[in-house]
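Open the model in your viewer and keep the selection panel at hand. We will go from one stop to the next, selecting a few residues each time.

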Amino acid sequence: MSTASRLPQFAGRLAARLPRSVDARVRRLAVASLIGQTLLVVTGGAVRLTASGLGCPTWPRCTDTSLVNTPEMGIHGFIEFGNRLLTFALAAVAVLMLVYLWNLRKERRDLFLLALGLLASIPAQAVIGGITVLTNLNPWVVGLHFLVSMALVVIATLLINRAYGRTGRFAALPLPALPGVLRPVSAAVALFSAVAVMLGVVVTGAGPHAGDADAPRNGLDWDLFSHVHAVPAYLITAGTLFALVLVFARRITGPFRTSVILLLAVTLLQAVIGFTQYYNGIPALLVGAHMLGAALLMSSATNAADVARSSPLK
C-alpha cells in the first residue's frame, strides 16, 4: 500500500481517537494557553528590564550567521532567544488545541474559533517582534507587541470559560441572576482595564527601561502620563468596589461573586505596585511585577465581564 493511500486511513484513526465532547484534555490545554500567554508577558518584560532587547540583534535569525544565540552573546542573548523560543511552545499548544477540537469544530465553533485566533496571532506576534528588533526597539512597536499579548490573554481567558462551561451558549450550570446594572459596570471595568494597559504602554515608552541603552524613547512627559495612567485605575477600583458592595448587599453567590473578589484583589495589588514603583525610582523588579499584574488584571476583568454577560438579570 502506498504512502498516499495510507494517509486517509491514518487520518481516520486519528479522528476516531480525538474527543467528541469537551473533556479534561481540552480544558487543560485552555489553561495552558492562558499560563503560556501570561508567561510570555513576563519573559518579554525580562527582555526589556535586563536590557536584552537586542540580545539577538537581528531577525528572524539571532545573528547574521546563527539561528540561535551563541555563548559569545552572553546572558542577553540567552534571555532574548529564550523569549523567542516560548513562541514556539505557545504555537504547539494552540495546534494541539485545534487538533483536539477537530471533531467539535462545528458543534463547538466558539471554542474552535478562539483556539484558531490564538494560533493565528503567533506568526503576527513573531513579525511584530521582528520589526521591534529591526527598528532598534522603537517604543511604539514594542508597545504594540505588548498590547497584542494582552489581547491574547483576553482570548485565552474566554477560552477557559467556554471550555469549562462557565459562560456562553454551552454553559453547563445556571448562573445566579444579577441586578441589571452589573452588566454595564463589569463591561466598563473591563474597558477601563484596557485603557489603563494602553496608557501604561505610553508611560513605559517614556520611561528608563527601553530594553537597550541606545534604544529610543517616545519623548513624552513620563511623570504627566503616569498621572493620566492612574485615572482609569481609579475608575477600575471604583467600579469593582461598587460591584462588590452590590454583590454582598444582594447576597449574590457563585462565579460572579468570586470573579469580583478576584478582580478587586488584583486591582489593589496593581495599585500598591504602581505607587511603590513610582515613589522608589521605578526599580526593574517592580516594573516586571506590574507587567505581570497587567496580564492578571486583563484576565480577571475579562472573566468578570464575561460571567456578568452570561448571567440572567433580575
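Which residues does Gln277 touch, not counting residues up to four places away in sequence? Select Gln277 together with Ile282, Pro283, Leu286, Val287 and His290: these are its contacts, a contact being heavy atoms within 4.5 Å. Gln277 is found in helix α8 (residues 255-278); helices here are DSSP runs of H or I, at least four residues, numbered from the N terminus. Gln277 counts as buried because its relative accessible area is 13%; buried means under 20%, exposed over 50% and partly exposed in between (1.4 Å probe, protein chains only).

A word on what you are looking at: this is a predicted model, in which local features need pLDDT of at least 70 and side-chain atom pairs count only at pLDDT 80 or more, while totals for chains, interfaces and linings use all residues. Residues are numbered from 1 along each chain as its sequence is written, and side-chain values use heavy atoms, with hydrogens and water left out.

Next, select Val185, Ser186, Val189, Gly239, Thr240, Ala243, Phe256, Val260, Leu263 and Ala304, which line the largest cavity. A cavity is a set of points on a 1 Å grid over the protein atoms alone where a 1.4 Å probe fits but cannot get out, and lining residues have an atom within 4 Å of a point. The largest cavity holds about 50 Å³ of space, a volume being the space filled by probe spheres set on the points, which are joined across faces, edges and corners. Helices α6 (182-206), α7 (222-249) and α8 each supply at least two of its lining residues.

Now for the salt bridges (a side-chain nitrogen of Lys or Arg within 4 Å of a carboxyl oxygen of Asp or Glu); the count comes to four. Select Asp306 and Arg162, whose side chains meet at 2.7 Å, N to O. This pair links distant parts of the chain, with Asp306 in helix α9 (residues 284-310) and Arg162 in helix α5 (residues 139-163), 144 residues apart. Both Asp306 and Arg162 are buried.

Move on to Asp110 and Arg108, which form a salt bridge at 3.0 Å, N to O. Asp110 is partly exposed at 24% relative accessible area, whereas Arg108 is buried at 7%.

For the last stop, select helix α2 (residues 24-49) and check its end C-alpha atoms, which are 37 Å apart. Just after α2, look at Ala51, which takes a positive phi of about 60 degrees.

Note on methods
Expected span 1.5 Å × (residues − 1). 1 Å grid on protein atoms, 1.4 Å probe; cavity = no way out; pocket = protein on both sides within 12 Å on 5 of 7 lines; lining within 4 Å.
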